[in-house]
Amino acid sequence: MSDCPDAEHQRPDGTDDKTVEALGKVSEALEAIEIARGHLYTFHRLSGTADLTLGEGVEQLREAGHTELADRIDRELVGRNVLDGRWTFQVMEEYDDGYYADFKRLEKQARDELVGGRRHLYEAEMKEDRRTHGLPHHTARPGVTPGAE
């Protein structure tokens, strides 16, 4: 087995450097969107946890005899929308179904149209440039034994 990248990580014939670089930037932007989406899910989880914990605190205030304060916090804050008309699950759904879905669709369309759907060509070429050929832990892909050509 030759120590070169698999076909899915080699640019198609006729694909120029600028195209590979541009698709690399689009992919890099998608990676940032994936991280942002993760933070949005973290926001969703933390907001829900805070609301449930607040509800527990309100009950404890009531039990401690602070009924008026507990009622005010319960009425004004527990279960409140975090944005106009929305709990965080609704924010997530709108983000996922809108911006995120469009971003994923368009990034895939760009790869499909320009390089036959191949992913991470820029990174695969960077790996080839940076790795030390012939050494263990520097192979192009799994299952390759250095020097066993």
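Colleague: Hi! Which residue's side chain meets that of arginine 131 in a salt bridge with aspartate 3 at the other end, and what is the N to O distance?

Modeller: The pair is arginine 131 and aspartate 3, and their side chains form a salt bridge at 3.0 Å, N to O. The term means a side-chain nitrogen of Lys or Arg within 4 Å of a carboxyl oxygen of Asp or Glu. Arginine 131 is in the segment after α4 (121-130) and aspartate 3 in the segment before α1, so the bridge links distant parts of the chain, 128 residues apart. Helices (H or I, at least four residues) and strands (E, at least two) are DSSP runs, numbered from the N terminus.

Colleague: What should I know about the model and the numbering?

Modeller: This is a predicted model, in which local features need pLDDT of at least 70 and side-chain atom pairs count only at pLDDT 80 or more, while totals for chains, interfaces and linings use all residues. Residues are numbered from 1 along each chain as its sequence is written, and side-chain values use heavy atoms, with hydrogens and water left out.

Colleague: Is arginine 131 buried or exposed?

Modeller: Arginine 131 counts as buried because its relative accessibility is 7%. The cut-offs are under 20% relative accessible area for buried and over 50% for exposed, with partly exposed in between (1.4 Å probe, protein chains only). Aspartate 3 is buried as well. Arginine 131 also has a salt bridge to glutamate 128, at 2.6 Å, N to O.

Colleague: How many salt bridges does the structure hold?

Modeller: There are 14. One of them joins arginine 111 to glutamate 107 at 2.7 Å, N to O. Both residues lie in helix α3, 4 residues apart, about one turn of the helix. Arginine 111 is buried at 12%, and glutamate 107 is buried at 8%. Elsewhere, Glu59, Arg62, Asp71 and Asp74 are linked in a salt-bridge network.

Colleague: Changing topic: which residues make up the largest nonpolar core?

Modeller: Leu30, Ile33, Leu40, Val91, Met92, Tyr95, Tyr100 and Phe103, 8 residues in all. Both α1 (17-63) and α3 (88-115) supply at least two residues of this core, and the largest share, 5 residues, comes from α3. A core here is a set of buried Ala, Val, Leu, Ile, Met, Phe, Trp, Tyr and Cys residues joined through side-chain atoms within 4.5 Å.

Colleague: And the rings, which residues form the aromatic cluster?

Modeller: Tyr95, Tyr99, Tyr100 and Phe103 form one cluster. Rings of Phe, Tyr and Trp (its six-membered ring) pair if their centres lie within 6.5 Å; planes under 30 degrees apart count as stacked, over 60 as edge-to-face and the rest as tilted. The structure holds 4 aromatic pairs. Tyrosine 95 and tyrosine 99 make a tilted one, 6.0 Å centre to centre with 40° between the planes. Tyrosine 95 is buried at 17% relative accessibility, while tyrosine 99 is partly exposed at 48%. Tyrosine 99 and phenylalanine 103 pair edge-to-face, at 5.8 Å and 65°.

Colleague: What charged end sits over the ring of tyrosine 100?

Modeller: That of arginine 37, 4.3 Å from the ring centre. The criterion is NZ of Lys or CZ of Arg within 6 Å of the ring centre and within 35 degrees of the ring normal.

Colleague: Last one: which residues does glutamine 10 touch?

Modeller: Not counting residues up to four places away in sequence, glutamine 10 touches Cys4, Pro5, Arg118 and Leu121, where contact means heavy atoms within 4.5 Å. Its C-alpha atom is 6.4 Å from that of leucine 121, 111 residues away along the chain.
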